[in-house]
Amino acid sequence: MVFAWKSAGLSYNRYLAIASRVVRRSLKEDKRIAAERRGETDLRFAKWSNGKQGESKNLVDANSSGMASNAGSASS
Amino acid sequence: MFSRAARPALRAGAAAAAIPARTANNAATYATLREIEGRLKSIRNIEKITKTMKIVASTKLTRAQRAMNEAQNYGAASNEVYDAAETKPLEGEEKKPLYIICSSDKGLCGGVHSGLSRWVRRNINHGEADLVVIGEKARSQLGRTNNQDMVLSFAGVGKDVPTFADAQAIADQIVQLQTQYSGIKILYNKFINATSYEPTVIEAFSEEAIAASPNFSAFEVDEELIPNMREYALANSLYWALAEGHACEISARRNAMDNASKNAGEMINKYQILFNRTRQAVITGELVEIITGATASADM
């Protein structure tokens, strides 16, 4: 079984996040605003190596760019 | 006998010592009066702030608890599979476990964060496990002692009730880690009741552990789907841990602020009495001065 999203380099969670975002956006106006608040994240993260904190980055951006770079290696 | 005889003398000596001091900084009594007033004002302001924070936390608490109950269902549902399959973490390998510590960014909530940090320091030796820390508070606490073991840290949690999207994004980043771990353990504060909570661990299993569990074949799941399931289960467990940790934090903050307001109230009472007494003393002193002055000038 090959999933289209898997070969595009997405993880299952990312796939779910995108799917749920689509569902939320297609809701009616009043429900949509309440639902979209459940989909918001505002996290930052930093990698640590040898006891030193690295640069702090936005998590969502880093995830999407990381997956985009995975896409090339996964599909080949 | 001697002691009783000596007492008046002692008292006189003490009074003699005290009187010059009081007269010497007669001007200072006004200053201390003003000092007490300033102190009183600042304590009142602090009480106002802590009271407001308590009210805010109380209103947030119901929402946080509702989110926690819902999130517990998420976690319980995904753990149901592992219970039925009797999945156990793999042991006896040289791989390290990964600990995820769920705290948050904000303080002023009693020992919620330091409880987690203390658990980590007590139970995990250096080099035995890697740490992923969620939340600024635990990051700064563990960054001092366990910084060699840390691989990732997340910030920006705890402003609001954690969303599932938060948990998913964190799970994604953890899945992308290069090192292979024997299993993932999520450390969070378990909500026992409104005043007590304790650090607890949820297991999130590795793919091998899921595949090796004795009753797993009963589910008839394809091998290929296991990584997906594992990622999703990790997000579920993380969401559970984050939501429960958040509820604990809010209720701990409510209690802490309740205590702080109570203490501030006590201090205000004490300082109010001291203030009144000092003011009275100053007035009496002034009266005595005026009367003695008047009698002295009347005699002449």
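## A buried residue as a starting point

A residue is called buried here if 20 or more other C-beta atoms lie within 10 Å of its own. In this predicted model, B:Ala241 counts as buried because 27 other C-beta atoms lie within 10 Å. The residue is found in helix α7 of chain B, and, leaving aside neighbours within four places in sequence, B:Ala241 is in contact with B:Cys102, B:Ile186, B:Tyr188 and B:Ile202.

## The outline of chain B

Chain B has seven helices and five strands, and along the sequence these follow the pattern α-α-β-α-β-α-β-α-β-β-α-α. Of its 300 residues, 33% count as buried. Where contacts in chain B join residues at least 6 apart in sequence, 80% of them join residues at least 24 apart.

Which strands make up the open sheet, and in what order do they stand? The order is β2(A)-β1(A)-β3(B)-β2(B)-β1(B)-β4(B)-β5(B), seven strands with mixed pairing. The edge strands, each pairing on one side only, are β2 (52-58) of chain A and β5 (196-204) of chain B, and the twist from one strand to the next averages 20°.

Strands of a sheet pair through backbone hydrogen bonds, either parallel or antiparallel. Between the chains, strand β1 (residues 44-49) of chain A and β3(B) run antiparallel and are joined by four bridges, with A:Ala46 standing opposite B:Ser153. Within chain B, strand β1 (residues 97-102) and strand β2 (residues 130-134) run parallel and are joined by five bridges; here the bridge partner of B:Ile101 is B:Val133 in β2(B).

## Helices on the sheet and the nonpolar core

Helix α3 (residues 112-123) of chain B packs on the sheet, where it touches β1, β4 (183-193) and β5 of chain B, and its direction makes about 140° with that of β4(B). Helix α7(B), which holds B:Ala241, lies across β1, β4 and β5 of chain B and runs at about 35° to β4(B).

The largest nonpolar core has 63 residues, of which B:Ile100, B:Ile101, B:Ile186 and B:Leu238 touch the most other members. The helix that gives the most to this core is α7(B), with 15 residues. Not counting residues up to four places away in sequence, B:Ile186 touches B:Ile100, B:Cys102, B:Val201, B:Ile202, B:Ala204, B:Ser237, B:Leu238 and B:Ala241.

## The contact between the chains

The contact takes 26 residues from chain B and 25 residues from chain A. On the side of chain B that touches chain A, β3 (150-155), α5 and α7 (226-299) each supply at least two residues, and the largest share, eight residues, comes from α5(B). By class, this side of chain B has 12 nonpolar, nine polar and five charged residues.

Is helix α5(B) mostly covered or mostly uncovered? It is mostly covered, for 11 of its 12 residues are buried, among them B:Phe164, B:Asp166, B:Gln168, B:Asp172 and B:Ile174. This helix (residues 164-175) reaches 16 Å from its first C-alpha to its last, close to the 16 Å expected at 1.5 Å a residue.

Notes:
Residues are numbered from 1 along each chain as its sequence is written. Chains are lettered from A and ligands numbered from 1 in the order in which they are written. This is a predicted model: local features need pLDDT of at least 70, side-chain atom pairs count only at pLDDT 80 or more; totals for chains, interfaces and linings use all residues. Two residues are in contact if their C-beta atoms, placed from the backbone, lie within 7 Å. The expected span of a helix is 1.5 Å times one less than its number of residues. Ala, Val, Leu, Ile, Met, Phe, Trp, Tyr, Cys and Pro count as nonpolar, Asp, Glu, Lys and Arg as charged, and the others, Gly among them, as polar. Two strands pair if DSSP finds at least two bridges between them. Axes are lines fitted to C-alpha atoms, for helices over the stretch in contact, and angles run from 0 to 180 degrees between N-to-C directions. A nonpolar core is a set of buried Ala, Val, Leu, Ile, Met, Phe, Trp, Tyr and Cys residues joined through C-beta atoms within 7 Å.
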